[in-house]
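Come along if you like.

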Amino acid sequence: MESNNAISALAALAQTTRLETFRLLVRHEPEGIPAGELARLIDVPQNTMSAHLATLSRAGLVKSERQSRSIIYRADLDGLRELTLFLVKDCCGGSTALCAPLIAELTPCCAPGGKPC
């Protein structure tokens, strides 16, 4: 990931509604959530939600798929992985002892069958 892409993703998440929306989509992986339902759950008008979803999509954090008359939105976990790896790539100058707590904290959340954070 390039710095400009990381800045775009972080800027997209630096707004309360978009951050809440993204976290909600992550919790609902892999099934996703229809756009109208997202707007209802976050309690924002549908056109406002649409603008927020467009920002998250351009930042590489959200994917959409048309299913009949609905558009289902999902967190782009590959985009999240790329952003996370970009942020921690040179973690602690390569000192595994210093990085171990970070990795341990992430592992239970992300491991298959791991308990949610």
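What share of the contacts with a separation of 6 or more in the protein chain comes from residues 24 or more positions apart? I looked this up to start, and such residues account for 51% of those contacts. A reminder to myself: this is a predicted model.

**Entry 1: the overall layout**

I counted six helices and three strands in the protein chain. Reading from the N terminus, I wrote the order down as α-α-β-α-α-β-β-α-α. The chain has 117 residues, and 27% of them count as buried. Its accessible surface comes to about 7800 Å², with 55% of that belonging to carbon and sulfur atoms.

**Entry 2: the core**

Next I went for the inside. The largest nonpolar core holds 21 residues, and L25, L38, M49, L53, L61 and V62 have the most contacts inside it. The top contributor is α1, which gives four residues.

Setting aside residues up to four places away in sequence, M49 touches T21, A35, L38, A39, I42 and V44.

**Entry 3: the strands**

I followed β3 and its partners. Strand β1 (residues 33–34) pairs with β3 in the antiparallel sense over two bridges. Strand β2 (residues 62–67) also pairs with β3 in the antiparallel sense, over six bridges. I noted I72 in β3 in both pairings: P34 stands opposite I72, and E65 stands opposite I72 as well.

The β2 and β3 strands form a hairpin with two residues between them. S68 sits in that turn and has a positive phi of about 60 degrees, although S68 is not a glycine. Is S68 buried or exposed? I found S68 at 67% relative accessibility; that is over the 50% cut-off, so S68 counts as exposed.

**Entry 4: R74, an arginine in the strand**

Then I stayed in strand β3 and stopped at R74. Why does R74 count as buried? Its relative accessible area is 19%, and the limit for buried is under 20%, so R74 falls on the buried side.

Where does the R74 side chain go? I traced it to the backbone oxygen of P30 at 2.8 Å and to the backbone oxygen of E31 at 3.3 Å. Leaving out residues up to four places away in sequence, R74 touches L25, E29, P30, E31, G32, L61, V62, K63, E65 and Q67.

P30 lies in the loop between α2 and β1, and a cis peptide bond joins E29 and P30, with omega at about 5 degrees.

**Entry 5: from α3 to α4**

I moved on to the loop between α3 and α4, where D43 is placed. D43 has a positive phi of about 65 degrees, although D43 is not a glycine. Its relative accessible area is 68%, so D43 is exposed.

In helix α4 I looked at Q46. At 56% relative accessibility, Q46 counts as exposed because the cut-off is over 50%. Which residues does Q46 meet, leaving aside neighbours within four places in sequence? I found contacts with G36 and A39. The C-alpha atoms of Q46 and G36 are separated by 6.2 Å, with the two residues ten apart along the chain.

**Entry 6: helix α5**

Last stop, helix α5 (residues 77–88), which has twelve residues. From its first C-alpha to its last I read 16 Å, close to the 16 Å expected at 1.5 Å a residue. What caps the N-terminal end of α5? I found D76 there, with a side-chain oxygen 3.1 Å from the backbone nitrogen of D78.

Note on methods:
Residues numbered from 1 in each chain as written. Predicted model: local features only at pLDDT ≥ 70, side-chain atom pairs only at ≥ 80, totals over all residues. Heavy atoms only, no water. Core = buried A, V, L, I, M, F, W, Y, C linked by side-chain atoms within 4.5 Å. Buried < 20%, exposed > 50% of the residue type's maximum accessible area, 1.4 Å probe, protein only. Contact = heavy atoms within 4.5 Å. Expected span 1.5 Å × (residues − 1). Polar contact = N/O pair within 3.5 Å; in protein donor to acceptor, adjacent residues only side chain to side chain. Pairing = 2+ DSSP bridges. Areas by Shrake-Rupley, 256 points an atom, 1.4 Å probe, with all protein chains shown as cover.
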